[in-house]
Amino acid sequence: MTEADIEAVSAVRVRGWQTAYRGLMPQAYLDAMSVAADAERRRSWFGRRSPEVSDLVAERDGEVVGWACVGPARDPDIAPGAGELPTPKPTAGELLALYVAPGLTGTGIGRALMAAGTARARAHGFHTLYLWVVRGNTRAQRFYERAGFVPDGAEEAYEVGGSSVPELRYRRRLTPEP
């Protein structure tokens, strides 16, 4: 992903949320999502992100049709060493995002992004890859399970538009067990 891709990535992300989370999040929140506002936030983050964060895009006929982001795991229970000096190199990664333009799901774009993201996670030295999926998003859950992810039992909720949205954590080992 380059800085020039940000607007297109934001469009894929916003349209992806509006499609995938219909009925799982407040509709008023989804309807109010703005590609321009998302792009503005993404631009401010883009130059400051860690070198261990990889943003990947999928293109079709020169247009961005998918986006994935992989980086170090953020959860304290799987990212040991937080607060230690010096901080150890993270061994757990997280699939922070994976979105495909609505209408193109099921065409292999998500699988290609998953393969590229997994390869990037391995290149960063991550042994395990985690992700969070909204509970009830059965299509995404099936996709991740087919890609080798399994629920690890962790659940967390966050607030979206005044409603609590529960998520389930999944994991996939990237290297053989020691």
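**Aromatic contacts in the predicted model**

Trp17, Tyr21 and Tyr29 form one aromatic cluster. Rings of Phe, Tyr and Trp (its six-membered ring) are taken to pair if their centres lie within 6.5 Å. The structure is a predicted model, in which local features need pLDDT of at least 70, side-chain atom pairs count only at pLDDT 80 or more, and totals for chains, interfaces and linings use all residues. Residues are numbered from 1 along each chain as its sequence is written, and side-chain values use heavy atoms, with hydrogens and water left out.

Five aromatic pairs are present in the structure. In one of them, the ring centres of Trp67 and Tyr99 are 6.2 Å apart and the planes lie at 10°, so this pair is stacked (planes under 30 degrees apart; over 60 is edge-to-face, and the rest are tilted). The pair links distant parts of the chain. Trp67 belongs to strand 2 (residues 63-72) and Tyr99 to strand 3 (residues 92-100), 32 residues apart. Strands are DSSP runs (E, at least two residues), numbered from the N terminus. Trp67 is buried, at 4% relative accessibility. Buried means under 20% relative accessible area, exposed over 50% and partly exposed in between (1.4 Å probe, protein chains only). Tyr99 is also buried, at 13%.

The rings of Phe143 and Tyr144 pair edge-to-face, because their planes lie at 70° with the centres 5.4 Å apart. Phe143 is buried, with a relative accessible area of 18%. Tyr144 is buried at 8%.

A charge also meets a ring. The charged end of Arg49 sits over the ring of Phe46, 4.1 Å from the ring centre. This term requires NZ of Lys or CZ of Arg within 6 Å of the ring centre and within 35 degrees of the ring normal.

Methods. Helix = DSSP H or I, 4+ residues; strand = E, 2+ residues; numbered from the N terminus.
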